[in-house]
Amino acid sequence: MKMTVSARVGLILAALAFVFLPMVLGGQWIKILISTGCFIIAASGVAFMYSRLGMVSLGQVALMGVGGWVMLRMNHAFHLPFEVNLAVAGAVTLMFGWLLAMPALRMRGLYLALITLMAAGGLEVIFSTFRFPNGGEGFWGVMPSVAAPFQRPLLATEDSDYLRYIIFWIVAAFLIIEMHMRTAPGRAWAMIRRSEAAAYSSGVNVVYYKAWAFGLAGFLAGISGGLLAGGLGLLDPATFRASESIMLFALMVVGGSRGWLGVIIAGILYRVVPALFNDWTIDADLALVIFGAALLHAIITAPNGLSGQLLDLIAKLSKRT
Amino acid sequence: MIKLDNICVQFGGVKALDNINAEFSQPISGIIGPNGAGKTTTMNSVSGFLDYQGTISWNGEVIDGLNPFKRTRWGLRRSFQKEQIADDLTVIDNLKALIDNLGIKGSQRKQDLEWAIESMGISALAYREAATLNTYERRLTDLARCILGNPKIVMLDEPCGGLQQDETERLGDLILKIPQLTRANTLVIDHDVDLIARICAETLVLDFGKPIAFGKTREVLANPKVKAAYLGVEEVA
């Protein structure tokens, strides 16, 4: 398999971030970057669905909630290794993705987006009613006020190590998507995006490959939700509101959906920018205004998002020298 | 031999196809007719894209029970009026997208891909992204897909649409090669009567969803009914 320039740059940056980020950053910022990293993994799932299949999914953050719920449930019920719990969270969310796909498979465009949004709305109600397990009794496992401890991976019990662990997972998520792109599913998805007639005349089983895409996006959401649970130790229903799913999708459009850079930008806008505003004692809600303006900018002038503009700029500058 | 047996298609109150019967026994056959005659509807029926009554078969193999993608796996290939290759894939990936689903593996797969690309003379384009191709090159890619994987039926819907005269001629030559390259029966739809006369031995003429003539191309084109349908003159009694 050939490695593209973009992949090489990405891997080098990831390696640098892996070594240096936890060393130079302070405690609070490490925590912020851990959750940023989780949302980057989730955003990568929405981004490939959008750029490769032309499908709009507005339920990704809600699916993260499913992954997070399963992760916490497993953690407090059994004493299994973190990775086993994470795999279960990924698998259960993958199946949730399929469940979501079932009514959505026959729909396209706006209707598909609406179905995923409705599912996100439904999950929002469930999360805020039953809350997330924190070590209590019974199936829902909620106890008031205090929370039982959360067991992190053995390799990464400290925050700085856990950030490295997250960076490893971001790279893994991008590689999983890239592997799909270069093999039969990626080609089938490209034909589906061209048109269903094109897919049929290529012998592509459209329902099967759409379900596969939903499953993969669900798996990534589940992993990211599980990792977020590991990062914070407990989860708050407010994190997984339906509006958050819409926000993540919108920021993915702002960042650009076609490569890793756009997804990273989306994650940074989603988590780091509001935190910066807090740091500068500016109202964090002001970020929403900026996001709105950025979305308009992206839709009107930058079809490949900020990352597309950035890469164009670099290409132009390197031509000049 | 492609056999259409009593094919009827109804869109609401409109009979888009009314009892089409035809046996295309020649290696390359044509379907012509004015706009709205039902040419593309006929192809879409063979593709399984829409519900139809009647029976479609190739050398006795009935394909009515197969859904669209299974028909492709069975051996049906087609191109569309507007070619349907994926812009963000390379030429060879556009071919792979088809062969992925045909169960052809290993060295055979590699050999088939190379053969299809060479046969259409696009080896130099194999690793170009489809978005950078011109209309003629896209048509060639489409044609390479159509001969890939030992097809049984090849259908070309206006294969020379949007091409210049010399390109149309070259593409016509390539279409004429399909029977030597594959065992498939080829069906061509086009408005360009010169092209049809050149490459199709047999032709079916449709008008308002009804067959008005079927037979040797030269004889069909000389038929006064066909001339009337095409030129809009009143039929000589």
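Helices are DSSP runs of H or I with at least four residues, and strands are runs of E with at least two. In this predicted model, the span of residues 84-104 of chain A is 100% helix and 0% strand by that assignment, and its end C-alpha atoms lie 30 Å apart. Residues 211-235 of chain A are 88% helix and 0% strand, with 29 Å between the end C-alpha atoms. Both spans are among those that an unreviewed UniProt entry lists under "transmembrane region"; the entry also places this feature at residues 50-72, 110-130, 162-181, 247-270 and 290-311 of chain A.

Chain A as a whole contains 13 helices and zero strands. Its radius of gyration is 19 Å, close to the 20 Å given by the globule rule for 321 residues, so chain A is as compact as a globular protein of that length. The C-alpha trace of chain A spans about 55 × 50 × 40 Å along its principal axes. Of the 321 residues, 47% count as buried. Among contacts in chain A between residues at least 6 apart in sequence, 74% join residues at least 24 apart.

The largest nonpolar core comprises 161 residues, and those with the most contacts inside it include Ile41(A), Ile166(A), Leu248(A) and Ala144(B). Leaving aside residues up to four places away in sequence, Ile41(A) touches Trp169(A), Ile170(A), Ala173(A), Leu220(A), Ile223(A), Ser224(A) and Leu227(A).

In chain B, strands β9 (residues 202-207) and β10 (residues 210-216) pair in the antiparallel sense over six bridges. Asp207(B) has Lys210(B) in β10(B) as its bridge partner. Two residues lie between the strands of this hairpin, and Phe208(B) takes a positive phi near 50°.

Technical notes:
Residues numbered from 1 in each chain as written. Chains lettered and ligands numbered in written order. Predicted model: local features only at pLDDT ≥ 70, side-chain atom pairs only at ≥ 80, totals over all residues. Core = buried A, V, L, I, M, F, W, Y, C linked by C-beta atoms within 7 Å. Buried ≥ 20, exposed ≤ 12 C-beta atoms within 10 Å, placed from the backbone. Contact = placed C-beta atoms within 7 Å. UniProt positions renumbered as here; feature names shortened; annotations may be inferred. Pairing = 2+ DSSP bridges. Rg over C-alpha atoms; globule rule 2.2 N^0.38 Å.
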